[in-house]
Amino acid sequence: MRYFSTRGQAPAVTFSEALQAGLAPDGGLYVPEKFPRHTLQEFHGLSGISEIAARFIAPFLTGDELQSRIDGICSRAFRFPIPLKDLDPKTSVLELFHGPTAAFKDVGASFLAECLQEIHKNDSRMKTVLVATSGDTGGAVAAAFHGKPQVEVVILYPRGKVSARQEQQLTAWGANIRAFAVAGDFDDCQRLVKEAFLDPGLQKRKKLISANSINIGRLLPQAVYYVAASLKKSRDGAPVDFVVPSGNLGNAVAALWAKRCGFPIGRVVLATNANRSIPDYLASGEWKPQPTVATLANAMDVGNPSNMERLRALYPTREALLKDVDSISVSDETISRIIGEGPVRYGEVWCPHTATAVHAAEKLFTQSDGKRVIVATAHPAKFETIVEPKIGRAVEVPAALAELLKRPSQKSELSPDLSALLEKI
Ligand SMILES: *Cc1c(COP(=O)(O)O)cnc(C)c1O
């Protein structure tokens with residue numbers, strides 16, 4: 001299996017090469033040359049999510065150095081539960097927040113980390129994972145690499161622009177994880193990472209590794225929970241619809257890849273916050289990225305979703321896209337209302353991101369539709385300052401997060417220029 005750039009101007013590479021490169025040299029994103037067609041029988045009798053993961057991912061690694069090691073990689077990467085809870089006979093919630101940082105990015109980050117460990121097994125050089133984060137990604141990457149040999153993680157985040165609990169998830173690890181509060185915004189952090197990757201001196205000194213969200217090693221494993229959930233909920237192959245809280249579209253593209261591989265997935269609904277580039281594109285057919293606006297669902301504050309290139313590679317025309325995909329933008333006012341109603345209507349406490357999907361499901365599905373799954377991307381305790389006033393009580397903190405919140409935090413300040421960063425790494 002080869003991987004091509006969405007821009008078509010870069011050589012095809014193997015999965016391991018695509019994973020180490022992150023971005024293709026022409027600036028495009030890597031996509032598989034074809035989608036393996038699975039038969040559903042192949043998955044009969046598989047017991048857990050890690051077995052399903054290995055069976056699903058193996059054909060994507062045909063001819064790759066990692067192919068023979070996929071069972072071990074998946075059993076180490078898929079080590080936390082991904083429950084599917086029924087709300088009513090037709091509607092279920094796929095809880096992706098039982099990993100170490102209580103959000104779905106733990107799944108992709110831990111798979112990427114396990115693949116990199118395997119690829120570099122016999123390379124004793126120290127590796128540095130350099131990552132910019134606006135909040136959630138950095139914590140997931142830190143958790144995934146914490147305590148791993150021969151690798152250190154350097155996280156850059158915008159000072160004063162992440163929540164207290166997010167900051168704790170970036171700074172409480174110690175050991176091989178270092179976090180820097182950059183005097184600037186997220187764009188400054190991203191620019192610094194880009195500049196560092198282009199610096200010839202640093203390249204000589206360090207083996208740098210990128211772990212940002214466009215990495216194929218983070219995207220592909222996310223398809224696994226759509227595979228598992230669709231197999232569990234479908235009766236006789238009837239399609240199951242999914243509603244996905246979306247920002248950069250990584251999670252949604254993973255759902256559509258699972259669908260393309262033949263799993264019983266019907267419509268995929270992209271729920272966005274007030275950043276409405278995607279619903280506007282579906283409505284008008286014109287792709288107009290917008291400046292980002294700040295919302296209550298801040299991990300989805302994206303005006304120019306980076307995985308749009310992958311979505312368009314999958315659906316070259318708007319007409320094709322509209323057959324499979326719906327999208328709806330949800331205001332902060334509605335997010336607040338949905339969170340407030342959660343305990344009474346469903347007996348559930350939603351995080352602000354999940355609330356967009358709950359609203360989309362209420363609005364778009366009718367009684368005559370089939371089974372549908374709402375994707376819950378984070379635990380509400382991560383966003384307690386938003387959620388608790390709306391429901392009028394405290395949200396219980398999951399054990400892994402509570403553990404992290406107790407630990408001492410360590411961070412350094414950094415001015416937003418490359419020379420300052422080069423002094424530290
Ligand atoms: C990152 C994130 C999203 C958005 O996911 P994309 O793959 O970027 O669309 C949604 N919810 C939460 C909690 C997130 O951390």
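Biologist: Leaving aside its neighbours within four places in sequence, which residues is Asn307 in contact with?

Modeller: First, how to read the values: this is a predicted model, in which local features need pLDDT of at least 70 and side-chain atom pairs count only at pLDDT 80 or more, while totals for chains, interfaces and linings use all residues. Residues are numbered from 1 along each chain as its sequence is written, and side-chain values use heavy atoms, with hydrogens and water left out. Contact means heavy atoms within 4.5 Å. By that rule Asn307 touches Leu29, Ser213, Ile214, Leu219, Asn248, Leu249, Gly250 and Val253. Asn307 lies in the loop between α11 (277-284) and α12 (308-314). Leu219 is 88 residues from Asn307 in sequence, and the two are 9.9 Å apart in space, C-alpha to C-alpha.

Biologist: Is Asn307 buried or exposed?

Modeller: Buried means under 20% relative accessible area and exposed over 50%, with partly exposed in between (1.4 Å probe, protein chains only). Asn307 has 0% relative accessibility, so it counts as buried. Val344, in helix α14, is exposed, with a relative accessible area of 76%. Val344 and Lys204 are 140 residues apart in sequence and 59 Å apart in space, C-alpha to C-alpha.

Biologist: How many residues of helix α5 are buried?

Modeller: Helices (H or I, at least four residues) and strands (E, at least two) are DSSP runs, numbered from the N terminus. In α5 (residues 136-145), ten of the ten residues are buried, so this helix is largely enclosed by the rest of the structure. Among them are Asp136, Thr137, Val141 and Phe145. The buried residues of α5 pack against α4 (105-119), β5 (127-132), β6 (151-158), α6 (164-171), β7 (177-182) and α9 (216-233). Just after α5, Gly147 has a positive phi of about 80°.

Biologist: What span does helix α15 reach from its first C-alpha to its last?

Modeller: The expected span of a helix is 1.5 Å times one less than its number of residues. Helix α15 (residues 352-364) has 13 residues and reaches 19 Å, close to the 18 Å expected. Ten of the 13 residues of α15 are buried, including Pro352, His353, His359 and Ala361. Their cover includes β9 (240-245), β10 (265-272), β11 (325-329), α14 (332-346), β12 (372-376) and α16 (384-391).

Biologist: What is the order of the strands in the open sheet of six strands?

Modeller: Strands of a sheet pair through backbone hydrogen bonds, either parallel or antiparallel. Here two strands pair if DSSP finds at least two bridges between them. The order is β3-β4-β12-β9-β10-β11, with mixed pairing. At the edges stand β3 (84-86) and β11, each with a single partner strand, so one side of each has no neighbour in the sheet. On average, neighbouring strands of this sheet are turned by 25° against each other, direction ignored. Helix α9 packs on the sheet, touching β3, β4 (91-95), β9, β10 and β12, and its direction makes about 145° with that of β9. For such angles, axes are lines fitted to C-alpha atoms, for helices over the stretch in contact, and angles run from 0 to 180 degrees between N-to-C directions.

Biologist: In which sense do β9 and β10 pair?

Modeller: The sense is parallel, over five bridges. Phe242 stands opposite Val268 in β10, and Val244 opposite Leu270.

Biologist: Which residues lie on the two sides of β9?

Modeller: In a regular strand the side chains alternate between the two faces of the sheet. Val240, Phe242 and Val244 are on one side of β9 and Asp241, Val243 and Pro245 on the other, and all are buried. In β5, Lys127, Val129 and Val131 point one way and Thr128, Leu130 and Ala132 the other, again all buried. β5 runs parallel to β6, with six bridges joining them, and Ala132 stands opposite Leu156 in β6.

Biologist: How many aromatic pairs does the structure hold?

Modeller: A pair of aromatic rings is described by the distance of the centres and the angle of the planes. Rings of Phe, Tyr and Trp (its six-membered ring) pair if their centres lie within 6.5 Å; planes under 30 degrees apart count as stacked, over 60 as edge-to-face and the rest as tilted. The structure holds ten such pairs. Phe56 and Phe60 form a tilted one, 5.3 Å centre to centre with 55° between the planes. Phe56 is buried at 0% relative accessible area, and Phe60 counts as buried at 1%.
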